[in-house]
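Reader: I am new to this structure and would be glad of a close look at a single part of it. Could you set that part within the whole and then take me through it with care?

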Amino acid sequence: MFEQFLRNKTDEWQCKTSEEKWLSIFKSFKENNIDYSMLLKIVEFAFALLGSNAAVERIFSLMNSCWTKSRGNLCINTVEATLVNKNNLENKPCQQFYEDISKNKDLLIRVHKTAKYSTTNQKSETEASGSQT
């Protein structure tokens, strides 16, 4: 059945993506009441795999550019924050950055707050004052 299905589709499949081909196969299985649940799991797994590791390589390259010998004592959190900023904001024109930030109301509220960071002392003082009231 599957071989016959493929023979009928060879000409029109030349210009389809692999996702479109699998959708067509599953549609045919559904129309013919063929159980394809196990095959679907395998195909979903295959499509979940990355086609390349370029994104990971890009992050390592960015990390190497910001965590140099002269900056080797940087805290891991600082390096992480630098990577997040470089990865998300690089090559973005100022106008686009402004528009994106302006839309993020939660971020704007957090940026304008006076208490940016909490330390262990601040937490224990807050907890102590809260338990007294």
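Author: A contact here means that heavy atoms lie within 4.5 Å, and with that in hand one can say that, among contacts in the protein between residues at least 6 apart in sequence, 22% join residues at least 24 apart. The model is a predicted one, and its secondary structure consists of eight helices and zero strands, so that from the N terminus on the elements read α-α-α-α-α-α-α-α. Of the 133 residues of the protein, 10% count as buried, while the accessible surface comes to about 11600 Å², with 56% of that belonging to carbon and sulfur atoms.

The side chain of Ser102 reaches back to the backbone oxygen of Tyr98, at 2.7 Å.

Ser102 also takes part in the meeting of two helices, where Ile101, Ser102 and Lys103 in H6 meet Lys105, Leu107 and Leu108 in H7. The residues of this contact of H6 with H7 divide into three nonpolar, one polar and two charged. As for the geometry, the axes of H6 and helix H7, residues 105–112, come within 5 Å and cross at roughly 90 degrees. Because angles of 65 to 115 degrees count as roughly perpendicular, H6 is roughly perpendicular to H7.

Methods: Residues are numbered from 1 along each chain as its sequence is written. This is a predicted model: local features need pLDDT of at least 70, side-chain atom pairs count only at pLDDT 80 or more; totals for chains, interfaces and linings use all residues. Side-chain values use heavy atoms; hydrogens and water are left out. Helices (H or I, at least four residues) and strands (E, at least two) are DSSP runs, numbered from the N terminus. Buried means under 20% relative accessible area, exposed over 50%, partly exposed in between (1.4 Å probe, protein chains only). Accessible areas come from the Shrake-Rupley method with a 1.4 Å probe; for residues, only the protein chains shown count as cover. A polar contact is a pair of N or O atoms within 3.5 Å; within protein, one must be able to donate a hydrogen and the other to accept it, and residues adjacent in sequence count only if both atoms are side-chain atoms. Axes are lines fitted to C-alpha atoms, for helices over the stretch in contact, and angles run from 0 to 180 degrees between N-to-C directions. Angles under 35 degrees count as roughly parallel, over 145 as roughly antiparallel, 65 to 115 as roughly perpendicular and the rest as oblique. Ala, Val, Leu, Ile, Met, Phe, Trp, Tyr, Cys and Pro count as nonpolar, Asp, Glu, Lys and Arg as charged, and the others, Gly among them, as polar.
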